[in-house]
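Please look through the sequence and the model below before reading on.

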Amino acid sequence: MLHIGCHLSSSKGLAAMGKTALSIGADTFAFFTRNPRGSKARETDPRDVEKFQALWETNRAIPLVAHAPYTLNPASTKEDVRTFARETIADDLRKMEMVPGNYYNMHPGNHLGQGSETGISLIAQCLNAVLDPALSTTLLLETMAGKGTEVGRTFGELRAIIDRLDHPEKVGVCLDTCHVWDGGYDIGSDLNGVLEEFDRTLGLDRLKAIHLNDSKNPLGAHKDRHEKLGQGCIGLETLKNVVNHPALRDLPFILETPNDLTGYQEEIALMRQAREEGEKA
């Protein structure tokens, strides 16, 4: 069965997100741990968690994919910005433990002209300060498009971060189809080759989730502009191949396309149909 959902508003809590997800045919979902452009976050309500767990009982084995705010930059040139990132990630991971066994996804960071090696080192320092072997949450580093001074455009950069960690077993990867495409990985004509390179560099066992998005840009544009499924340069057939690939088919797929709930419901149904067709082929 295809495990698929989308980003949902967390403003009314986990139970409300669970109800919304089920209403649009999703069996997983993503949410920002706090304002994606800011820093404010309310405490998790244990009663809300209890309601969510009861509602989500049949889907509990399928991980949710929480997302750190975009403003975090553990690779910043400024110490106060790095401190803010570290403290925010630590706080988010603490709250995630109230709903154990899920994923916490983050953009690695921007080196801001210091160079990728310095950026990689600073990101690893941040993660080493927050990762604990007792965590049930797995932190996911997201593949990036290579816009500006982003760290994480290549699989090798993500591996370099992981290699510097004290607890690498607590870290996985979220592959974003728009980002890898914009970053220069041709999942259209060589999906197998891209996944083989991922396996050689990182190991497919580290691949924990997929952000399923089309792209407004041609291959290698390094711009990171998401598009609705089938309406961009990646194309619907490639995205169908992604959800049906043997190495990916059991992962949670999260839509980050420019949609409202009706649009997400339609894309979820579209991809479920693609999975059914793939199973019959």
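Which residues line the largest cavity?

## The largest cavity

In this predicted model, the lining of the largest cavity is made up of Phe52, Gln53, Trp56, Arg60, Ile62, Leu64, Val99, Pro100 and Asn102.

The space inside the largest cavity comes to about 50 Å³, and the structure holds two cavities of 30 Å³ or more. Rolling a probe the size of a water molecule over the atoms shows where empty space is left.

## The second largest cavity

The second largest cavity holds about 40 Å³ of space, and its lining consists of Leu175, Thr177, Ile187, Leu191, Val194, Leu195, Ile210, Val242 and Leu248. Of these lining residues, eight are nonpolar and one is polar, while none is charged.

Which helix gives the largest share of the lining of the second largest cavity? That share, three residues, comes from helix 7, which covers residues 191–201.

## The fold as a whole

The protein has nine helices and 12 strands. Its radius of gyration is 18 Å, close to the 19 Å that the globule rule gives for 281 residues, so the protein is as compact as a globular protein of that length. Taken along the principal axes, the box filled by its C-alpha atoms is roughly 50 × 45 × 30 Å.

Contacts can also be sorted by how far apart the partners stand in the sequence: among contacts between residues at least 6 apart, 76% join residues at least 24 apart. Of the 281 residues, 54% count as buried, and the protein exposes about 12000 Å², of which carbon and sulfur atoms supply 47%.

## A closer look at Thr138

Thr138 belongs to strand 6, which runs over residues 138–142. Is Thr138 buried or exposed? Its relative accessibility is 17%, and because buried means under 20% relative accessible area, Thr138 counts as buried.

Leaving aside residues up to four places away in sequence, Thr138 touches Asn102, Tyr103, Tyr104, Lys170, Val171 and Gly172.

Key:
Residues numbered from 1 in each chain as written. Predicted model: local features only at pLDDT ≥ 70, side-chain atom pairs only at ≥ 80, totals over all residues. Heavy atoms only, no water. 1 Å grid on protein atoms, 1.4 Å probe; cavity = no way out; pocket = protein on both sides within 12 Å on 5 of 7 lines; lining within 4 Å. Points joined across faces, edges and corners; volume = space filled by probe spheres on them. Helix = DSSP H or I, 4+ residues; strand = E, 2+ residues; numbered from the N terminus. Nonpolar A, V, L, I, M, F, W, Y, C, P; charged D, E, K, R; others polar. Rg over C-alpha atoms; globule rule 2.2 N^0.38 Å. Buried < 20%, exposed > 50% of the residue type's maximum accessible area, 1.4 Å probe, protein only. Contact = heavy atoms within 4.5 Å. Areas by Shrake-Rupley, 256 points an atom, 1.4 Å probe, with all protein chains shown as cover.
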